[in-house]
Structures are given as structure tokens and as C-alpha cells.
Amino acid sequence: MIDHRTLRVALLGAGSVGSQVARLLREHGDDFAERSGARLELAGILVRDLDAPRDVDLPRELLTTDAESLIVGADIVIELMGGIEPARTHILTALNSGADVVTGNKALLAQHGPEIFDAADQVGASVSYEAAVAGAIPIIRPLKDSLAGDRIVRIFGIVNGSTNFILDKMDREGLSAEDAQRLATDLGYLEADPTLDLEGYDAAQKAAILASLAFHTEVSMDDVHREGIESITADMIEGARRAGFVIKLLAICERLADAEGEAISVRVYPALISREHPLATVHGGNNAVFVESEAAGPLMFYGAGAGGVQTASAVLGDVVSAARRHIAGGVGVGESARQSLPTAEIGRISTRYQITLEVSDEQGVLAVIAGILNDGGVSAATVEQTVDDEGTARIVIGTHTAREQALGDTVARLAESDVVVRVASVLRVEGE
Ligand code: HSE
């Protein structure tokens, strides 16, 4: 039997992911030793409350509330506490004491990524974070390593499982937004602060991380245009269905090259997707990410976007890599921000739109609306009018590709027009 070197692993946090990481590290110790060339000794687990109930039985002697003693002296520190502080301080302490860091902390990376990567560069340590985006799905390593020889043009996908679950329940089972949200809460799918999911913050954090990697540019939360699913009603879902669409909360990171020069756009919003599109078949809490690059063309990554044991898989992959590096020697390869592309305002993007208007059912209304669209430089591709039992006339306009700025100005003029009772919704159409 090979006499493996022992590496000390400190685990910070024993929540749903952390407790599974601890279990798998202990249960599969021999496998990890074979794969990494090092015996991974779980030196301790930092918890807030020694007596809190946990998903997995963890040996009491491993639990500690003393962060400093656990972190200093560890070779690999796994941070799964979440939140900004004290996670940020613990990670900086770990790096400064020579440990490699594995984290799943998307909020921290989206807000303080450059500080953490700089600290790692200073000491030649590595920071890995496969678990921070799309749970079990390998997406960070493909962007960072596998596609390092290519030029990424666009990333486009579903990176928040709980909002996908809610929208999917509304679409497939006709649930109201409130009932679908209640079900997601009961199943424990939403973050402790549900606004992180519902208002798109969680997806925006992940989009910032993906865009930073894909475009070799520092992208923070402040650079991400964010809209959540709060305004999506059962009526909108039903209207989308009638028109052959499904509504999904999308994260989009793309390169723009227009008259204003080269830039990137990073955005999160609910959008219409054709029911024929592969993303329309992403159900429940699953995630899917499309990556389009110049040479490889389109690639799709699909799977569990959350879940304790699923996300533990991503964490442990990073731990094995960090252990291999420790054994092989050499410095960690840091993040590259050499391109420093500017972030474009949302007004600069171009896509198709679906505008739903409630109008007075009178002669000449369509002509007025057509005039406003024409003046705004927005071209209609489809126009459909319906009148419901209460006599409310609805016009649904599908546009050709338009610039967001022109579309927004045109919608504002429609809203002011005497013939428009209400702009019921404006949704972007993506994936075409
Ligand atoms: N709140 C996240 C989601 C958990 O719903 O996808 C995984 O990051």
C-alpha cells in the first residue's frame, strides 16, 4: 500500500452541503487518497452551535467554534458557511497561512472576488469554487480550463433552481405564483432570505462569476442588470403558453461589439423561450447553462443546480484538485482579468420583445399603435388582438430584434397614449 502524505482539511460550516462533504470525505478516504496522492484528514469542522441538529451524524470531537485554531495549520480550507463575514476573514486567514481554499460562496466571490484572488496570488495558493455556480454541474472548470484555448461569446442559461421550480409549477400545473412559492418554501428550495432567489440576486451573483471567467474581466454584482420573477403572474405564464413560449429566469453574459465599441453585457431577467428550445425542458430545480464559443460552438451543461449531496460533489472535486496541487507543488493558477472589458448599460442590448397592451376596442387603435412603434424604430413581427368576456381588448405585439433603449422609449410612449389603457407586460424573447 502506498504511504500517502497526509493533508489536513478544515471544513467551515456543517449545513446541508458541509455535512455531506464531511460524510463523503470520511467514507471515501481511501478513494480520495488514490485519486489525489494524499490522505485527506478532516481536522475539524467549524460550526456556530455545537448542539444544533444536522443532516448527518458528525463525530462530536471534530466540531469546534474556534475558527483560528482550525484554520491555521490546515493545508486545505473548505468554506461552506455562506454570507460575507466572517467567511471573507476566514478565507483571507487561510490563504495567508498557506492553505488552498475551496468555497461555494457565490455572494462573497461576486462582491469580493478580486480581493480574494489577489490574496491567493500573493502567496501562490489556489481558490476553487466549482460549487458556487449551478450546484453539481461542472461549469467553472470548463470555463477556466477546458475552454481556455477558445473565445467565449455568450453564456446563457438557468442558474437558479428555486425560481425555475416556481415557474415550472406555474407553467405545468397551473399554480398561482403564491402557491408555487409556498411549495418551494415548504420543500426548503428557497434561500433563508427568499428575496435572494425571487428578486434575482442569487442568479446575478452567479452571472457575475461566470462573466468574470468567460471574459477575463472583473465583473461584480453592480455590473449585473437584475430583474427577478416577482412580477410574473399566472396570466403571463398562460399568455406565454398560448403563444408557444415558456417563461424562464435567465442569466445572460455576452460580448457586444457595436458602434460604441467592444463591451460585455451581464443580465438576469425572466424571458420568453420557445417551447421547442432545450431550456424549455429544464424542469423543477434543475439548472442548464449554454456556452457559445468561437471554435467549439454551442455547448450545454445540465443537471442538479442545488442539493446538499449534489453540491458536495462539486466541492470534493475541487478538494481533490487542491490536494493534487499540494502534492505536485507549484503555485495556484490565479484568475485572469487581463481584458478588462467595460460593462454595457442594458439599453445597449438587442433582442426581440413581446408587448401586451390593454386597449380601448375602438376603430383606429391599431393605427395609433403602429404609428408609435414606427416612430420609435421598433418593427412588429406579429400582432394579435383578443377581446375577453368582459370586453377588454388585448393586443399582443411580437417585435423584430430591437435595441432595448428604443424599445423602452417606445413602450413609455405607448403607456402615455390615449388608446392604451394599460401596458400589461413587456417580456424579452430569448434563445432565437
Ligand atoms: N438558491 C439557489 C438556487 C441554491 O435556487 O439555485 C443553489 O445555489
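**Exercises on salt bridges, pockets and a cavity**

Across this predicted model, the count comes to 35 salt bridges, a salt bridge being a side-chain nitrogen of Lys or Arg within 4 Å of a carboxyl oxygen of Asp or Glu. Because the model is predicted, local features need pLDDT of at least 70 and side-chain atom pairs count only at pLDDT 80 or more, while totals for chains, interfaces and linings use all residues. Residues are numbered from 1 along each chain as its sequence is written, and side-chain values use heavy atoms, with hydrogens and water left out.

**Exercise 1.** Determine which parts the salt bridge between Lys106 and Asp202 ties together, and whether its partners are buried or exposed.

*Solution.* Start with the distance: the side chains of Lys106 and Asp202 meet at 2.7 Å, N to O. Finally, both Lys106 and Asp202 are buried, where buried means under 20% relative accessible area, exposed over 50% and partly exposed in between, with a 1.4 Å probe and protein chains only.

**Exercise 2.** Carry out the analysis for Arg275 and Asp171, and then describe the pair Arg60 and Asp51.

*Solution.* The closest N and O atoms of Arg275 and Asp171 are 2.8 Å apart in their salt bridge. Arg275 sits in the loop between strand E10 (261-274) and strand E11 (286-293), and Asp171 in helix H7, so this pair ties together parts that are 104 residues apart in sequence. Arg275 is partly exposed at 30% relative accessible area, whereas Asp171, at 7%, counts as buried. In the salt bridge of Arg60 with Asp51, the closest N and O atoms are 2.6 Å apart; Arg60 is partly exposed at 48%, and Asp51 is exposed at 57%.

**Exercise 3.** Describe the largest pocket by its volume, its lining and the domains that contribute to it.

*Solution.* On a 1 Å grid over the protein atoms alone, a pocket is an open set of points with protein on both sides within 12 Å along at least five of seven lines, a cavity is a set where a 1.4 Å probe fits but cannot get out, and lining residues have an atom within 4 Å of a point. Grid points are joined across faces, edges and corners, and a volume is the space filled by probe spheres set on the points. The largest pocket holds about 1,400 Å³ of space. Its lining comprises 49 residues, of which Ser16, Val17, Leu80, Lys106 and Glu191 are the closest to its centre. Domain 1 (5-136 + 309-328) and domain 2 (140-305) each supply at least three residues of this lining, the bounds coming from an automatic or database domain assignment.

**Exercise 4.** Work out where the second largest pocket lies, and identify what lines the largest cavity.

*Solution.* The second largest pocket has a volume of about 680 Å³, and H11 gives the largest share of its lining, six residues. Domain 2 (140-305) and domain 3 (349-430) both contribute lining residues, so this pocket lies between them. Turning to cavities, a search of the whole structure finds one of 30 Å³ or more, and the largest cavity contains about 50 Å³ of space. Its lining includes Phe117, Asp121, Lys144 and Glu335, and H5 gives the most to that lining, with three residues.

Conventions
Helices (H or I, at least four residues) and strands (E, at least two) are DSSP runs, numbered from the N terminus.
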